[in-house]
Amino acid sequence: MSIEIEGVGKNFGLFSALSDVQLTVPSGELVALLGPSGSGKTTLLRIIAGLEKPDSGRILFNGEEATNRDVRERHVGFVFQHYALFRHMTVFENIAFGLTVQPKKSRLSKGQIRDKVFTLLKLIQLEQLWDRYPAQLSGGQRQRVALARALAVEPQVLLLDEPFGALDAKVRLELRRWLRRLHDEIHVTSVFVTHDQEEALEVADRIVVMNQGKIEQQGTPSEVYDRPATPFVFDFLGNVNLFQGRVHEGMAQMGGMQLSSPEHSGTNNVPAVGYVRSHDIEIERVPLDASSVQAEVRYILSVGPLVRIDLALSGGEGIEVDLSRDVADKLDLQVGEKVFARPRKMRVFTDDYQI
Amino acid sequence: MHVAKGFHKNGGKDGSRVSEPAAVRFLLISAALAFLALFLLLPLTAVFVEAFAKGWEAYLAALHEPDTLSAIWLTLITAAICVPANLFFGIVAAWAIAKFSFRGKSLLITLIDLPFSVSPVVSGLIYVLIFGLQGWLGPWLQAHDIKIIFAVPGIVLATIFVTFPFVARELIPLMESQGRDEEEAALTLGASGLQTFFRVTFPNIKWGVLYGVILCNARAMGEFGAVSVVSGHVRGSTNTIPLQVEILYNEYSYAAAFAVASLLALLALVTLAIKTVAEWKIQQGMSINEGER
């Protein structure tokens, strides 16, 4: 089922949580709403679910007006950040809940419910734990039960609110890969909220980046990562270095570096900010061209497969560079050494953009 | 401040080092126990000693007195009306306050607390001023031959007023701590409002409800001030147990007075026992709750 969101706005008192949001979620896709806390992503998800009413705008399910449809009639599956399992019910009873509250006419028989619950238990690989209570499960197990409970009613849309936010790093990684595989199997239209860019990039078909109640950019993971539309998106996705400077007729002057910036060929000495991802910087001992700038090595940190190098430019401002381990080993940098840094890719935004 | 400093200085490895010397501990604990014995245990014992001063036979006879039986009956009826009424109001109010946000919410919370802060005598007087012969509705009630003050309805009204906060007060913090997630989950799974309440909300608060109910019941049966004002003390008709105790005592039938009083003391003991179990169960529920977060 496709979801269309047309001009949705929502205020909480004086705080504007969402303003004029336009979004289409195509049928069968897995979409991530990505943004910092307070960006309105959870509010948008709750509005889609019907747990919150928008102040303005419309929600359409499959092209049909659903703005005023009751939560119960929307047939959405909702997975909460803190699982929200019924704590006085066993795993089995939790998953069966949505089936047992159906009106008598449309309710499945006891045996059918049992079969269905065990099929779902198999799907989440927790058949052995059917008679446990939520308090007896680990966080990852609880979240899988919550997911099975939501799937039991065969929802047309699956909505997940920071589904892995409360889990530790390893379980989070496992569970999000499992969610991706599950989605490839059952293809239910899904929207999930996250503030973790890595999670969004890895799991989603499409990413919707939100900031201050508005959508900054939407697109495939590679689109938003490789071609960020705004400084905010650039800043939010991945480690980034900022350079203040100016652009003049297609040439950018940034902190002692000179680079070409063809999309600004028509500009005349305009203040601008350059964005370079930390892995898009080369460190060399000899300057290559005008885009190289001298810097001093301040710190060297090993972060798993990467080596993070903290450089200080002559003006004192710092830049972060991520090198792969073998590149770093070849360079064999020393703290205090003078080197040259050269951005391989820089994205220049003139000052009419605001973060 | 001193306590906090000492605590930090000694660190936490050896438990005994952070507490006071043995002599001080002994002194403090004995002082507390002596205080308890003097002000709580001694009176309680006195009630039972006096009640049985003339033997088991006299005790039973005192309770079989028709006026006393009628007082017990009236007390039971009053509690049987007040407790379910306040159970209903309490759950509804706590549900509204804990699970929804609306205008005037803090005013409602203040109003629920009102009976706690008003003297029971004043609570009784309010009803006399409204329903009494000289009160606002007095003439109209008399014209329609409805008796509220100096009759059972007045006693019930005054008791409902006085016991109003018990259930609600107990449930509001409990329901607030549980949040709305489980209810919202039930709604998205297609449950109706009633199904959500009976299958999700109520099982989570049932021990809190029991706790509120027994406290409400103890107060409803034991209320003296408010009931005294509206009852009119008609023997065998508008006397509750506490009022009957007072009458018997004023008539120098000490053994009978204490025999009837021992019923209230027994009620208190049973209430305490149930309350302890309920508290323990609520604690258990809370820790499960924390485990889930």
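Predicted model: local features only at pLDDT ≥ 70, side-chain atom pairs only at ≥ 80, totals over all residues.
Local features are described where pLDDT is at least 70, side-chain atom pairs count only at pLDDT 80 or more, and totals for chains, interfaces and linings use all residues. Residues are numbered from 1 along each chain as its sequence is written, while chains are lettered from A and ligands numbered from 1 in the order in which they are written.

Let us begin with chain A. Its C-alpha atoms fill a box of roughly 75 × 45 × 35 Å along the principal axes. The chain holds 10 helices and 20 strands, where helices (H or I, at least four residues) and strands (E, at least two) are DSSP runs numbered from the N terminus. Of its 355 residues, 41% count as buried; that label asks for 20 or more other C-beta atoms within 10 Å of a residue's own, with 12 or fewer making it exposed, anything in between partly exposed, and C-beta atoms placed from the backbone. Residues 24 or more positions apart supply 65% of the contacts in chain A with a separation of 6 or more, a contact being two C-beta atoms, placed from the backbone, within 7 Å.

Strands β1(A) (residues 3–12) and β2(A) (residues 15–25) run antiparallel and are joined by 7 bridges; two strands pair if DSSP finds at least two bridges between them. Ile3(A) faces Val25(A) in β2(A). There are 2 residues between the strands of this hairpin, and Gly13(A) takes a positive phi near 60 degrees.

Because Phe61(A) has 20 C-beta neighbours inside 10 Å, it counts as buried. Setting aside neighbours within four places in sequence, Phe61(A) is in contact with Met1(A), Ile3(A) and Ala66(A). To get a sense of scale, look from Phe61(A) to Gly140(A): they are 79 residues apart in sequence and 31 Å apart in space, C-alpha to C-alpha.

Further along chain A come two open sheets. One has 5 strands in the order β13-β12-β11-β14-β20, with antiparallel pairing. Its edge strands are β13(A) (257–260) and β20(A) (347–350), each pairing on one side only. Neighbouring strands of this sheet are turned by 35 degrees against each other on average, direction ignored; such angles are taken between lines fitted to C-alpha atoms (for helices, over the stretch in contact) and run from 0 to 180 degrees between N-to-C directions. Strand β14(A) (residues 270–277) runs antiparallel to β20(A), with 4 bridges joining them, and Ala272(A) stands opposite Thr350(A).

The other sheet also has 5 strands with antiparallel pairing, in the order β15-β19-β16-β17-β18. Here β15(A) (281–284) and β18(A) (318–324) stand at the edges with a single partner strand each, so one side of each has no neighbour in the sheet. The twist averages 45 degrees from one strand to the next. Inside this sheet, 4 bridges join the antiparallel strands β16(A) (residues 293–303) and β19(A) (residues 338–343), with Val293(A) opposite Ala341(A).

Now turn to chain B and helix α8(B) (residues 152–163). Its 12 residues reach 16 Å from first C-alpha to last, close to the 16 Å expected at 1.5 Å a residue; the expected span is 1.5 Å times one less than the number of residues. Of those 12 residues, 10 are buried, so α8(B) is largely enclosed by the rest of the structure. Among the buried ones are Ile155(B), Leu157(B) and Phe161(B). Their cover includes α4(B) (66–99), α5(B) (105–117), α6(B) (120–131), α9(B) (165–178), α11(B) and α12(B) (225–231).

Helix α4(B) has another partner to look at. It packs with α13(B) (residues 241–250) at an angle of about 155 degrees, the axes lying 8 Å apart. The two helices are therefore roughly antiparallel (angles over 145 degrees; under 35 is roughly parallel, 65 to 115 roughly perpendicular, and the rest oblique). Asp67(B), Thr68(B), Ala71(B), Ile72(B) and Thr75(B) of α4(B) meet Ile241(B), Leu243(B) and Gln244(B) of α13(B).

Finally, the two chains meet in a contact that takes 23 residues from chain A and 18 residues from chain B. On the side of chain B, the elements giving two or more residues are α10(B) (181–188), α11(B) (193–222) and α14(B) (254–292). The largest share, 6 residues, comes from α10(B).
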